[in-house]
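Have the structure open as you read.

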Amino acid sequence: MNAFARFTKPAQPATIRGVGWQAAWCCLLVIWLGAVTAQGQTFRDFFADRQTFTASSGRLDQSNTNATIEVGEPKHGGKTGGHSLWISWVAPTNGVVEFKTEASGFDTLLSAYQFTNAGGSTFADLREVARADDSEGFEEESEIEFGVLAGQRYEIAVDGFFGATGEVELKWDFDPLPSPPPIILSSPTDRSVKIGDLVSLVITLTNSAAGEFKWYFNGNELNVTTTNLVIPSFQTTNVGRYKMRVSADGLQYFSVPTEIQINTDGASNTLAQSKILDSPSTPLIGSDGVGPLVRAVPRGEVSASGGDGGVVRGYNGSQIFNTTFAVLDPAEPTHCGVPAGKSYWLFYQPPTNGTVTLDTVGSTYDTIMEVYTFNGALNGYQDLISIGCANDSFGSNGPARLEVPVVKSRQYIVAVDGVNGSSGTAWLNYNLSTAVLPTPPTLTATPQPITVAAGSTVTLSAPVIGSAPLGFHGVRTVR
Amino acid sequence: MIPGQTQPSLVLANVTNANSGNYAFTATNDLGSVSGTFAVKVVTPPSCALTRVVNDLRLSIPTLEGQTYTVEQTTNLLTGWVAWPASFVGNGLTNYFNVSNSGTRFYRVRVE
């Protein structure tokens with residue numbers, strides 16, 4: 001996959017004349033953009049109806065509220081959407097193009113595709129070129145950049161994260177290059193590794209001789225200039241986000257970041273996620289070792305269980321991740337009532353009934369932890385049921401720890417956040433014991449008849465204990 | 001069903017007789033469920049009165065249907081309250097009792 005997330009140009013010499021010329025150019029650009037929309041070209045809901053744009057720069061504004069998704073349509077940004085809009089764009093010459101949904105006002109997804117063959121016309125013929133959900137530092141905005149070749153066609157899709165809708169504002173801008181730039185064909189996928197693993201991050205490109213490369217880790221430049229980043233023995237200090245910068249003829253652009261975490265249980269597909277609705281796609285699925293793991297394995301990868309069905313997982317281990325780029329969601333609940341804003345979510349399905357002890361010992365910053373579950377489908381924060389939270393369990397500004405009875409058939413979400421928005425490397429340690437089992441609800445006393453005077457206030461409290469979550473419903477019958 | 005009642009406590013404010021009844025609850029988790037019932041009775045203190053009718057002195061007690069009334073009497077407000085032998089169940093009407101020739105007495109009515 002050829003995918004980029006950030007595009008920068010070298011600084012131009014700053015002269016008074018230069019500024020004046022740039023301003024004049026901007027004015028001309030606005031007039032010209034007006035001509036684009038005046039032509040009546042728009043986004044289209046159906047892929048087959050998409051219109052072709054040939055302008056090197058432009059802007060489209062349109063609501064995706066009434067847009068739909070079609071059978072076989074790919075997940076844009078690699079995530080679930082629901083209201084996609086399409087255009088087709090043709091590169092005027094070799095260069096680098098940037099598409100972004102800046103100022104759309106809702107959580108967007110963005111992908112670019114190319115047909116894998118000249119006669120391609122269906123979703124099955126598409127190869128993803130670039131994808132983005134939340135751009136670093138811009139949160140809801142999506143932004144992609146990628147190298148393009150003269151005359152080639154790219155199919156651009158904008159969608160809303162998990163069905164989000166609103167006014168899409170798609171802008172694109174193209175910078176020409178005198179010769180074809182390197183084209184990224186594939187980037188490493190997010191995954192978890194074990195401590196001490198050999199980790200190799202490979203970016204596959206064409207025309208790589210035309211570019212120079214530099215790797216970045218959690219935003220910091222690494223002294224690695226090849227397209228293959230090798231970490232011989234992965235350690236906790238290595239968890240985080242990796243991306244590669246491509247430089248070609250004075251232009252720079254980055255590959256889509258790859259997030260590498262540690263799961264000491266060997267669950268390579270398990271990832272803590274910055275957005276709660278992403279967490280069910282990368283769960284920690286417990287296994288008692290008597291059957292195959294139910295976790296789907298992405299195409300082309302080897303099952304973490306090796307197909308033997310004997311892996312014991314979800315009892316003891318640690319998920320270690322870096323929260324530097326956590327998305328701040330203003331709609332998110334406050335965990336433990338503590339101001340925060342750098343949360344990561346781990347989806348956990350225990351392998352058996354028991355009591356799980358969770359802690360953040362080892363984290364490099366002041367953490368808060370809250371455990372949630374839900375009934376039915378998880379569609380957002382409104383579905384969360386809190387069953388425990390912890391902060392400063394071992395002293396001020398320290399890690400959190402709590403014990404939660406868990407049931408095998410239930411799914412839990414653990415939120416790890418940083419006090420006052422702090423972030424760093426988080427350890428989420430889990431230890432499931434079957435010594436203390438969850439309990440069904442039982443009455444602690446027999447409800448007694450109550451006689452009260454008219455006008456007074458009566459509180460009826462069900463005398464019940466049992467493991468969370470306890471659900472209550474009441475029925476009143478006529479005396 | 002009590003709409004929206006999904007919490008372990010139910011608060012009934014400023015109750016009236018209409019709030020009387022049985023309130024059943026069921027608590028459920030993944031491992032089972034348990035049920036219980038609160039029997040709630042809301043009573044209204046009667047506006048009793050003593051009235052003279054010719055040569056008789058009558059104690060009048062307005063009643064509400066279904067509530068049980070017990071009359072007690074004493075000669076000393078501080079002690080010695082004695083319940084009448086028979087309680088009665090209200091029928092929505094005013095009940096009258098002749099308390100002539102009883103000497104000095106204090107009366108009170110308990111409603112259940």
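D30(B) and R410(A) make a salt bridge, with their closest N and O atoms 2.5 Å apart; the term covers a side-chain nitrogen of Lys or Arg within 4 Å of a carboxyl oxygen of Asp or Glu. Side chains of opposite charge can pair when their charged atoms come close. Across the interface of chain A and chain B, the rule finds one salt bridge. Bear in mind that this is a predicted model, where local features need pLDDT of at least 70 and side-chain atom pairs count only at pLDDT 80 or more, while totals for chains, interfaces and linings use all residues. As for bookkeeping, residues are numbered from 1 along each chain as its sequence is written, chains are lettered from A and ligands numbered from 1 in the order in which they are written, and side-chain values use heavy atoms, leaving out hydrogens and water.

**What chain A brings to chain B**
- Four elements of chain A each give two or more residues to the side touching chain B: β32 (442–443), β33 (450–453), β34 (458–461) and β36 (471–478); strands here are DSSP runs of E, at least two residues long, numbered from the N terminus.
- β36(A) gives the most, with eight residues.
- Sorted by class, that side of chain A has 21 nonpolar, 16 polar and three charged residues. Gly counts as polar here, and Asp, Glu, Lys and Arg as charged.

**The interface as a whole**
- In all, 40 residues of chain A are in contact with 42 residues of chain B, contact being heavy atoms within 4.5 Å.
- The two chains bury about 3,600 Å² between them, 56% of it on carbon and sulfur atoms; that is the accessible area (1.4 Å probe) lost on putting the two parts together, summed over both.
- β34(A) pairs with strand β1 (residues 9–12) of chain B in the antiparallel sense over four bridges, pairing needing at least two DSSP bridges.
- Within β1(B), S9(B) is the bridge partner of S461(A).

**Salt bridges overall**
- Over all chains, the rule counts 19 salt bridges.
- One of them joins K79(A) and D278(A), closest N and O atoms 2.7 Å apart.
- That pair links distant parts of the chain, 199 residues apart.

**Confidence**
- Chain A has a mean pLDDT of 87, and 87% of its residues reach 70 or more; pLDDT is the predictor's confidence in each residue, from 0 to 100.
- Over residues 1–38 of chain A the pLDDT is below 50, and this stretch has 78 contacts beyond near neighbours in sequence.
- Residues 293–308 of chain A are also below 50, with 22 such contacts.
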